[in-house]
Amino acid sequence: MKEPFLKAKYFMGSMTNIANRPFRRLVTELGADATIGEMAIASYVVKGGSQDAALLRRDPSERIFGAQIVGNNPNHLAKAAKYAQKCGADFVDFNCACPHESVVSHGGGALLLNQPEKIHVHFEAIRAAVTIPVSVKLRKGFGADDNTAEQIAETAQACGIDAIFIHGRTKAAQYRGPADWDLVERIARNVDIPVIGCGDLAHVEAVKAREASSACAGFAFARGAVIRPWIFRELAQGAGLDYSGAERLALFSKLVEYTLEAFGRDARGYDKSKKFLLKQLEFLMRYVPAAAYGRECELQERAEEWTPRDEIEALWASSEREARLEILRLAGFPDAPEAKTVARDGVAAQSNGTPDTQGSDLQSNGAGAPDARIDGA
């Protein structure tokens with residue numbers, strides 16, 4: 001393997017509305033070397049959008065933090081990158097991979113993969129704006145049969161970009177089908193800067209086997225780490241862990257605590273926390289213990305019927321909303337909000353609905369309307 005980027009081998013990738021600051025705090029405790037923030041839209045940051053600006057700020061717990069920006073205006077990208085550096089980011093990650101229409105339709109994300117001859121303008125603008133390292137996140141290409149990533153990777157290196165995160169699927173593939181790891185490895189061999197591979201990383205044995213012969217400098221986890229956040233602990237130990245239902249509940253209880261600290265316990269923070277945690281449970285409850293199932297369940301596989309080993313594991317195995325609500329209750333989520341609270345970073349959150357932008361990681365479209373995009377490696 002090549003020399004790791006910022007001495008980090010295992011990254012928690014960016015996932016909008018999922019891998020927020022409370023979740024990144026949890027995976028940092030579980031051993032993630034580095035974490036990448038939720039995708040911030042550069043134009044909204046420049047125009048004073050407080051919620052997007054908040055996405056560029058690290059949690060105090062994060063060891064190495066990358067602030068991720070997206071957009072197609074070089075001037076806006078440069079200014080957003082400067083703001084991220086001012087906020088204390090260790091590196092800026094430029095997203096040229098997001099496949100979601102809310103981003104692509106505005107000219108950003110994976111649409112830039114269609115512009116390999118022009119993309120250097122964006123790279124150069126960001127690189128010139130900051131003194132911290134800059135990485136880019138790429139996909140294989142835009143259309144189903146496209147492959148522009150190899151050309152763009154060489155352009156990134158020529159523009160002084162410090163590292164490349166590459167997801168081995170096209171925009172058209174979204175998150176379906178196998179990731180093209182042959183492509184990832186070719187790029188890793190053909191450029192001199194560190195390449196971090198992404199896509200379908202969910203089990204420690206498979207990651208370690210790939211690592212043994214890989215030209216990549218590291219690996220980034222998204223859905224695999226949201227389903228089993230303890231994968232970073234498994235990687236440190238070099239073997240899979242059989243987490244019981246009770247142990248998973250204890251981890252989720254930490255996430256509940258961190259979420260309420262970040263968002264506040266007033267009515268607004270309570271509702272925001274509940275919405276996030278229920279969404280998180282949709283991923284966490286997809287985990288199938290190999291010891292109970294008889295083998296590891298692949299990331300895109302839906303397990304056949306299996307027998308939980310106790311009542312708590314049966315709750316985790318359920319697909320019913322009532323089970324998610326019961327897990328939330330058992331994890332210590334309160335029955336009702338408090339009248340007033342103070343978010344973890346010291347900003348008072350009032351029960352009258354005063355915005356707590358410092359404690360918020362739920363993304364808006366710059367005008368206060370929620371944006372339900374989820375982007376992940």
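Predicted model: local features only at pLDDT ≥ 70, side-chain atom pairs only at ≥ 80, totals over all residues.
Trainee: Why are α7 and α8 called roughly parallel?

Mentor: Look at the angle. The axes of α7 (residues 149-158) and α8 (residues 181-190) cross at roughly 25 degrees. Angles under 35 degrees count as roughly parallel. Therefore α7 and α8 are roughly parallel to each other.

Trainee: Which residues of α7 and α8 meet?

Mentor: Ala 149, Glu 150 and Ala 153 stand on the α7 side. On the α8 side are Leu 183, Arg 186, Ile 187 and Asn 190. By class, this contact has four nonpolar, one polar and two charged residues. The axes come within 10 Å, and the crossing is right-handed.

Trainee: Which residues make the contact between α13 and α16?

Mentor: α13 brings Lys 274, Leu 277, Leu 278, Leu 281 and Glu 282. They meet Arg 321, Arg 324, Leu 325, Ile 327 and Leu 328 of α16. Here the classes are six nonpolar, no polar and four charged. The two axes come within 10 Å and cross at roughly 115 degrees. That crossing is right-handed.

Trainee: What makes a residue part of the lining of the largest cavity?

Mentor: A lining residue has an atom within 4 Å of a point of the cavity. For the largest cavity, the residues are Phe 23, Leu 26, Ile 227, Pro 229, Trp 230, Arg 248, Leu 251, Phe 252, Leu 255, Leu 284 and Trp 316. Two elements give two or more residues each: α1 (21-29) and α12. The largest share, four residues, comes from α12.

Trainee: How many residues of that lining are nonpolar, polar or charged?

Mentor: The lining has 10 nonpolar residues, no polar ones and one charged. Arg counts as charged, and Arg 248 is in the lining.

Trainee: What sets a pocket apart from a cavity?

Mentor: In a cavity the probe fits but cannot get out, whereas a pocket is an open set. The largest pocket holds about 480 Å³ of space.

Trainee: Which residues are closest to the centre of the largest pocket?

Mentor: Met 285, Arg 286, Tyr 287, Val 288 and Arg 302 are the closest, out of 27 lining residues. The elements giving two or more residues are α10 (223-227), α13 (267-284) and α15 (311-317). By class, the lining divides into 13 nonpolar, four polar and 10 charged residues.

Terms used: Residues numbered from 1 in each chain as written. Heavy atoms only, no water. 1 Å grid on protein atoms, 1.4 Å probe; cavity = no way out; pocket = protein on both sides within 12 Å on 5 of 7 lines; lining within 4 Å. Axes fitted to C-alpha atoms, helices over the stretch in contact; angles between N-to-C directions. Parallel < 35°, antiparallel > 145°, perpendicular 65-115°, else oblique. Left-handed = near helix turned anticlockwise from the far one by under 90°. Contact = heavy atoms within 4.5 Å. Points joined across faces, edges and corners; volume = space filled by probe spheres on them.
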